[in-house]
Each structure stands twice: as structure tokens, then as C-alpha cells.
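This briefing goes through a structure by topic, starting with a contact between two chains. Please keep the sequence and the 3D view at hand while reading.

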Amino acid sequence: MNRFGFSRMMLVLGLLFIYMPMLILVIYSFNASKLVTVWGGWSVKWYVGLLDNTQLMGSVVRSLEIACYTSIAAVALGTLAAFVLTRVTRFKGRTLFGGLVTAPLVMPEVITGLSLLLLFVAMAQMIGWPQERGIVTIWIAHTTFCSAYVAVVVSARLRELDLSIEEAAMDLGARPLKVFFLITIPMIAPSLAAGGMMSFALSLDDLVLASFVSGPGSTTLPMEVFSAVRLGVKPEINAVASLILLAVSIVTFMVWYFSRKAEATRKRAIQEAMDQTASESWKQPASQRPATQQIGATA
Amino acid sequence: MNTLTQQFQRFLPSGRKVVIGIPFLWLCLFFMLPFFLVMKISFSEAALAIPPYSEIYSFAEQKFQLLLNLGNYAMLGDDELYISAYLGSLKMAALSTAMCLVIGFPMAYAISKASKEAQNVLLLLIMMPTWTAILIRVYAWMGILSNNGLLNAFLLWTGLISEPIEVLNTNTAVYIGVVYAYLPFMVLPLYANLVKHDGSLLEAASDLGSSNFNNFWKITVPLARNGIIAGCMLVFIPVVGEFVIPELLGGPETLMIGRVLWQEFFNNRDWPVASALAVVMLAILIVPIILFNRSQAKEMEGRA
């Protein structure tokens with residue numbers, strides 16, 4: 001019990017440690033003073049000023065665009081990878097495949113970024129594509145590392161699933177493709193949404209990969225912020241940072257809320273179905289069940 | 001008509017092959033193949049060209065020539081800068097992993113012992129920062145740690161110090177930033193492991209007279225082994241190659257390999273040396289990466 005008290009205290013301190021700096025950042029973004037360290041009263045002028053900064057706004061739009069494409073592609077690719085990892089137990093190169101799926105999670109970004117850039121340069125020399133690095137090359141880079149996160153999230157869900165439901169559908173004559181789209185996908189939908197949102201967030205704040213594989217004229221928001229931050233703390237950047245924090249918090253909260261809701265509905269549905277079958281089979285012998293159902297329908 | 005489709009279908013790959021093939025091909029093309037390119041270019045020479053390196057093989061007059069330039073690697077071994085950058089990165093990663101473990105284990109333990117409702121909320125609170133731009137979270141510390149920042153203002157106000165201490169642009173600031181940024185990555189896998197533990201084991205041990213301290217070291221820690229490995233690797237490996245945190249919070253004395261690689265590539269435009277740096281970094285990290293993959297695989301099998 002004593003250690004439990006200690007660990008609880010650590011939890012509170014740890015959460016404070018995680019959230020205090022972000023809170024301070026948001027508060028200071030409303031600082032009227034040009035000097036970032038002196039408090040000069042509340043103001044929203046830095047937020048208003050952002051709208052006039054066309055260069056920054058352009059990079060915001062570009063980043064959002066890439067993040068959209070990335071989340072779609074990463075969910076598709078990551079789900080396929082997760083499906084292969086959990087359902088196809090035996091094929092040539094399975095160990096290699098497993099390694100390839102999980103390695104991007106820990107691979108230092110400078111290595112991935114450099115290697116992808118070299119690939120794109122080599123491809124441009126050999127097959128003439130991509131002539132210019134930009135949105136497409138950043139999208140490929142982001143999709144590759146985001147799909148690893150999706151694969152981890154989705155495979156955790158796939159492993160929990162009751163295989164007998166899919167087997168039942170197959171026994172009733174459904175083709176594998178149909179089973180996948182009508183049975184498996186709806187059951188793993190919450191984790192697909194979570195993976196998609198996660199990819200969106202990851203893509204939105206990646207600096208290192210984008211710096212390596214972007215070309216002239218395709219500066220993303222983190223690159224813009226980074227070049228400003230290098231020169232020191234500025235009130236405008238506080239405002240941008242607060243907006244990003246707000247956006248990410250909303251997205252995270254939505255994912256959490258919806259996945260919990262879906263989980264609760266699912267559990268309730270299962271519970272109801274079980275209660276129903278239990279009470280029915282207890283009341284009536286199996287042979288008389290159609291009759292009871294008819295009575296129930298007329299009543 | 002039917003036979004025609006069947007004839008046609010014979011040439012199409014089966015569904016199973018497509019399902020395995022798409023992710024496999026993508027990862028091979030965009031994740032594995034690039035590493036071989038990095039290896040290739042690390043053996044080439046820097047040249048004033050676009051792209052700025054020389055080809056390592058040539059085929060002329062029926063002679064195939066392979067020219068491996070080991071100069072880049074020799075340079076890495078000779079130059080103090082590179083060696084101390086590698087050592088600096090490893091030290092930074094090891095120490096901050098240890099700090100994350102010390103702070104993160106009690107946190108994960110407390111979450112796993114909380115009520116089901118509280119667990120959900122606490123997990124959300126831990127997870128939220130991992131989705132938030134690392135750049136922004138590091139930037140938040142720049143404002144706090146600077147000479148006239150909040151930390152110094154607070155310490156001056158309490159009277160603990162009489163003049164501002166310099167924290168920003170030192171190694172201390174980098175340690176704070178790294179632990180801050182990677183703490184959730186330690187807590188999450190630890191929690192996922194700790195929450196599966198069977199409490200009756202601890203009760204049985206206590207009934208037989210084991211102390212809390214003994215329980216912790218003899219039961220909880222060995223059971224949490226896979227979680228500890230996963231958490232430590234999730235922190236250690238990326239920190240070795242970290243660029244953003246040392247660049248923004250560190251000073252000139254903060255030598256880390258990710259930063260050196262970035263400078264070689266973007267400032268000196270020396271692609272071969274940057275590639276050689278990446279190859280050596282990968283060689284150092286290959287053992288931890290395999291350890292991580294193993295623990296992931298074990299965790300997956302254990303649950304199935």
C-alpha cells in the first residue's frame with residue numbers, strides 16, 4: 001500500500017510535468033507584450049496577425065493536404081499489413097515482414113529521411129520519376145512510417161476479435177473478400193479511425209522526414225515553424241503552437257470518445273443478445289421455439 | 001464465357017498473394033531498399049555534381065569496375081568529432097532511458113491499479129502528448145528555460161538563486177527535453193504489460209510472508225520484462241538519432257550524431273559522409289532494434 005501511494009504521487013507529478021509547459025505556452029500566446037517573458041495583459045493580436053501571414057497559411061494548407069492523403073493511405077496499407085500479420089500465419093519471409101512492419105516505429109528519423117531521399121534521387125536518375133520532390137514524395141515518406149503505427153493499433157484489435165464470427169460467415173458461403181468488408185471491417189472500425197487520426201497527427205508534425213524529402217516550394221508547417229523557432233521564442237509562434245495544440249487535442253479527444261462509445265455499444269449488444277438467447281432457451285425446449293417467436297410477434 | 005474468365009483468372013495472382021504482396025512490396029521498396037542505397041553511397045566520393053556523389057561502379061569496354069571508397073569510414077574513425085558525437089548520443093540515450101524508466105514505471109503502475117474508468121482518462125492524458133508536435137513541446141521548454149524565462153524568474157522569486165542560471169543551450173536542457181518528449185512512450189507499453197498481471201500472485205506472496213519490496217523485485221519486475229524492454233527500446237533507439245531536441249535546447253557542447261548527420265547533409269552537402277554516419281548508426285542500433293522486434297513478437301504471441 002505504501003508503494004501505491006508513492007506511485008500515485010509520481011503519476012500526478014508526471015502528468016504535471018507533461019502538461020505544465022503546454023499550459024504555459026498557451027497562456028503566453030495571449031500575452032499582449034512583444035517581449036515573450038514579460039506579461040503585458042491579455043490580447044489576441046498574435047492570432048489575428050497569423051491570418052495575414054500568407055506564407056505560413058500556405059504551408060498550413062499544404063501540411064493539411066499531405067496529412068489527409070497520408071491518413072487514408074496509411075490506414076489502407078497498415079490494415080493490410082496487420083491483417084497479414086495476424087491472419088496469415090505461414091508464408092515465406094514472414095519474419096522479415098514482421099520486422100519491416102515494426103522497425104519504422106523505432107528507426108531514427110534522420111536515417112529514414114536520408115535513405116528515402118537517396119531512393120528518390122536514384123529513381124529520378126533511373127526512371128525519370130520523381131522529377132521534382134514535393135507533396136508526393138513527402139506523402140510516400142509519411143505513409144511508410146505512419147502505416148507502422150496503424151498496423152500496431154489494428155493488429156492489437158484483430159487479435160482480440162472472435163474468429164468464430166468470420167468462420168461462421170465463411171461456412172455460410174461468403175467469399176473471403178465479402179467477409180473482410182462486411183464482418184471484419186465493421187468490427188475493427190474504431191481502431192481504423194484511431195489509426196487514421198493518429199497518422200493525421202503524426203504527418204502534421206513531422207519535421208525531419210519532410211525536410212529531407214521535400215523540394216523547393218513545398219515547405220510544410222513544421223519546417224516553417226522550425227526555421228522561425230531556431231531564431232528564438234516569438235509571440236507569433238506561441239499562437240501557431242497553441243492552435244496546433246488545440247487541433248490535436250480535439251482530434252485526440254474525438255478518437256477517444258468515439259472508440260469508447262463504439263466499444264460500449266458493442267458490449268451492450270453482445271450482452272443483450274446473450275441474455276435473450278439464454279432466457280429463451282431456458283423457457284422453451286428447442287422444438288417449440290418458432291411457435292413462441294410467433295406469439296411474441298403477434299403480441 | 002465462364003471458361004474464358006477462368007482462363008483469365010489463372011494469370012491473375014491469387015487474393016492471398018495480393019494481400020501479402022501490397023504491404024510487403026511497399027515496405028521493401030520504400031523502407032528496405034533505401035538502406036542498401038545508403039550503404040552504396042557511403043562508399044562513394046563526394047563530387048561537385050547533381051546528385052553530389054560519384055558512381056561506385058562503371059561498365060566500359062567490357063570491363064565492370066567496382067570502386068569502393070573506404071575514405072568516409074576511415075574519416076569517421078580518425079575524427080574526434082564523430083566519435084564523441086556517437087558516444088555523446090549513446091550516453092544521452094542511455095541516461096534518459098534510465099530516467100524515463102524510473103519516472104515512468106511508478107506512473108504506469110499507478111494507472112494499472114486505478115479503477116477502469118480512471119484508467120481510460122489517464123491513458124488519454126498520457127497519449128495526448130504523443131500525438132502533439134514534438135517541435136511544439138520542445139519549443140514550450142525554450143520559453144521556460146531561457147535566461148529570462150519562467151524557471152529563472154521563479155527561482156529568483158523564491159530566493160534560491162541570486163542571479164539567473166543558464167539552462168537553455170546546455171546538456172541539462174537536452175536531458176529535460178528528451179525525458180519530457182519520450183516519457184509517454186515508456187509509460188504506454190509498461191502499462192499495457194502491467195495491466196495484465198494477476199494480482200493474486202502478489203497476494204499469495206504476501207500471505208507467505210514476502211515483503212512489498214521483495215514482491216516488487218521478485219514478481220512484478222520479472223513479469224513486466226517484455227514491457228520494460230519494449231519501453232526502453234522505444235525511448236533508446238529514437239533518442240540516439242534525435243535531431244530536433246539537441247538542436248533547439250542544446251548548446252555547442254551538445255554533440256549528438258543526429259545533429260552531426262544533419263549538418264553534414266544540409267550544411268556541407270556531403271552526402272557520402274552523411275550516409276556513412278547513418279550506416280554506422282544503424283550498425284550500433286541493430287541489436288536494440290532486433291531486441292525490440294523480438295519483444296513485440298513475443299507480446300503478440302502471448303496475447304493470441
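The model is a predicted one.

**Geometry of the contact between helix 3 of chain A and helix 2 of chain B**

- The handedness of the crossing between helix 3 of chain A and helix 2 of chain B is left-handed.

**The side of chain A that touches chain B**

- In the contact between the two chains, 70 residues of chain A are in contact with 79 residues of chain B.
- Two or more residues each come from helix 1 (2–29), helix 3, helix 4 (94–106), helix 5 (109–127), helix 6 (135–160), helix 8 (176–204), helix 10 (221–229) and helix 11 (235–283) of chain A.
- Helix 1 of chain A gives the largest share of this side, with 17 residues.
- Sorted by class, the side of chain A that touches chain B holds 53 nonpolar, eleven polar and six charged residues.

**Overall build of chain A**

- Chain A has twelve helices and zero strands, and its pattern along the sequence reads α-α-α-α-α-α-α-α-α-α-α-α.
- Chain A is more spread out than a compact globule, because its radius of gyration is 26 Å, well over the 19 Å that the globule rule gives for 299 residues.
- Along the principal axes, the C-alpha atoms of chain A fill a box of roughly 80 × 60 × 50 Å.
- Of the 299 residues in chain A, 40% are buried.
- Among contacts in chain A with a separation of 6 or more, 76% are between residues 24 or more positions apart.

**A helix pair within chain B**

- Helix 6 (residues 134–145) and helix 8 (residues 171–194) of chain B pack at an angle of about 140 degrees, and their axes are 10 Å apart.
- That angle makes helix 6 of chain B oblique to helix 8 of chain B.
- The crossing of helix 6 of chain B with helix 8 of chain B is right-handed.
- On the helix 6 side of chain B the contact is made by Ile134(B), Arg137(B), Val138(B), Trp141(B) and Leu145(B), and on the helix 8 side of chain B by Ala173(B), Ile176(B), Gly177(B), Tyr180(B) and Ala181(B).
- The residues of this contact in chain B divide into eight nonpolar, one polar and one charged.

**Phe258(A)**

- Phe258(A) is a residue of helix 11 of chain A.
- A residue counts as buried at 20 or more other C-beta atoms within 10 Å and as exposed at 12 or fewer; Phe258(A) has 15, so Phe258(A) is partly exposed.
- Leaving out residues up to four places away in sequence, Phe258(A) touches Pro190(A) and Ala193(A).
- Pro176(A) is 82 residues from Phe258(A) in sequence, and the two are 28 Å apart in space, C-alpha to C-alpha.

Technical notes:
Residues are numbered from 1 along each chain as its sequence is written. Chains are lettered from A and ligands numbered from 1 in the order in which they are written. This is a predicted model: local features need pLDDT of at least 70, side-chain atom pairs count only at pLDDT 80 or more; totals for chains, interfaces and linings use all residues. Helices (H or I, at least four residues) and strands (E, at least two) are DSSP runs, numbered from the N terminus. The radius of gyration is taken over C-alpha atoms; the globule rule is 2.2 Å times the number of residues to the power 0.38. Two residues are in contact if their C-beta atoms, placed from the backbone, lie within 7 Å. A crossing is left-handed if the near helix is turned anticlockwise from the far one by less than a right angle, and right-handed if clockwise. Ala, Val, Leu, Ile, Met, Phe, Trp, Tyr, Cys and Pro count as nonpolar, Asp, Glu, Lys and Arg as charged, and the others, Gly among them, as polar. Axes are lines fitted to C-alpha atoms, for helices over the stretch in contact, and angles run from 0 to 180 degrees between N-to-C directions. Angles under 35 degrees count as roughly parallel, over 145 as roughly antiparallel, 65 to 115 as roughly perpendicular and the rest as oblique.
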